[in-house]
Amino acid sequence: MKKQIDEAIEELSLMLLYLTRFRDNNKYSRYMEMAWTGYDFDTLRQLEDSDIIIQSSKHKYAYLTEEGKRRARKLLEEYQISDQGICEDFEFRNIRLEEAGQAAAIENQCASENEKCTEQELQERIAKAGDLFLAAVEKQTGKIVGFVSGITTAEHAFRREFFTNADLHDPKGRIVMALGVRLLPEYENKELERELLFQFLRMLWEKERYIVLLMCPQQKVKMYKAMGFRDNGIADMPWGEKMWHKMGYVVS
């Protein structure tokens with residue numbers, strides 16, 4: 001069945017916006033993607049009215065919302081068009097409660113004995129703060145290969161209990177405590193890790209969560225600093241046998 005012209009223009013414009021999006025790697029927006037808006041004005045306005053894109057009032061570019069990216073990816077499959085880069089192989093989405101076992105298996109492989117959270121603790125975190133629990137899913141197999149999660153709070157300092165007590169999640173809190181990036185060893189590479197963290201920061205921006213704090217070992221500091229995190233020194237909170245750095249990010 002043929003599509004109407006207006007519908008085809010909207011779909012093709014959305015796919016072009018998605019496929020030509022790029023990152024403005026300046027120090028203020030390393031986590032953002034944008035696309036130039038040289039397309040039909042009425043079509044762009046319709047996409048914005050449908051919460052598919054967010055247009056800049058001062059510049060000729062737009063951001064695709066998460067819903068916009070989801071719809072664009074679905075259209076690419078329908079039109080049998082390849083996706084960009086790492087997004088061709090992996091989907092980044094909120095984890096589901098029934099997938100807590102997969103998350104626990106990743107936790108068991110990636111964390112030392114003193115750092116691991118149990119399946120029950122992860123399940124409780126998903127139940128309480130599932131909208132802040134982002135998974136990297138291999139498209140070909142549907143397998144979860146990594147995740148990053150967090151809780152929100154009004155507190156400004158990390159404490160060990162954030163990892164194990166989901167009741168400390170305050171839905172009204174403005175500060176996000178990111179509770180580690182985990183990837184299965186066979187998928188552990190900086191490109192996928194950076195993309196997972198990038199998608200997490202972008203998700204927080206859409207949710208208007210603007211302060212992110214996390215702990216990372218010495219070998220990860222350089223990567224986080226390259227993404228715009230600030231190293232606030234060595235943490236005084238013991239966790240396993242590693243030296244942990246306090247990292248902070250202002251999502252703007």
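## Residue E11 in helix α1

E11 is found in helix α1, which covers residues 5–19; helices here are DSSP runs of H or I with at least four residues, strands are runs of E with at least two, and both are numbered from the N terminus. In this predicted model, local features need pLDDT of at least 70 and side-chain atom pairs count only at pLDDT 80 or more, while totals for chains, interfaces and linings use all residues. Residues are numbered from 1 along each chain as its sequence is written, and side-chain values use heavy atoms, with hydrogens and water left out.

The relative accessibility of E11 is 11%, so E11 counts as buried (buried means under 20% relative accessible area, exposed over 50%, and partly exposed in between, with a 1.4 Å probe and protein chains only). Once neighbours within four places in sequence are set aside, E11 is in contact with K3, L75 and Y79, where contact means heavy atoms within 4.5 Å.

## Residue K69 in helix α3

Helix α3 (residues 66–79) contains K69. With a relative accessible area of 1%, K69 is buried. Not counting residues up to four places away in sequence, K69 touches Y18, R21, E33, L64, Q199 and R202.

## Packing of helices α4 and α5

Two packed helices are described by the angle between their axes and the distance between the axes. Helix α4 (residues 100–110) packs against helix α5 (residues 119–129) at an angle of about 130°, and their axes are 9 Å apart. The axes are lines fitted to C-alpha atoms over the stretch in contact, and angles run from 0 to 180 degrees between N-to-C directions. α4 and α5 are therefore oblique to each other; angles under 35 degrees count as roughly parallel, over 145 as roughly antiparallel, 65 to 115 as roughly perpendicular and the rest as oblique.

On the α4 side, A100, G101, A103, A104 and E107 meet E119, L122, Q123 and I126 of α5. The residues of this contact divide into five nonpolar, two polar and two charged; Ala, Val, Leu, Ile, Met, Phe, Trp, Tyr, Cys and Pro count as nonpolar, Asp, Glu, Lys and Arg as charged, and the others, Gly among them, as polar.

## The chain as a whole

The protein chain comprises eight helices and 11 strands. Of its 252 residues, 48% count as buried. Among contacts between residues at least 6 apart in sequence, 64% join residues at least 24 apart.

Along its principal axes, the C-alpha trace spans about 60 × 40 × 30 Å.
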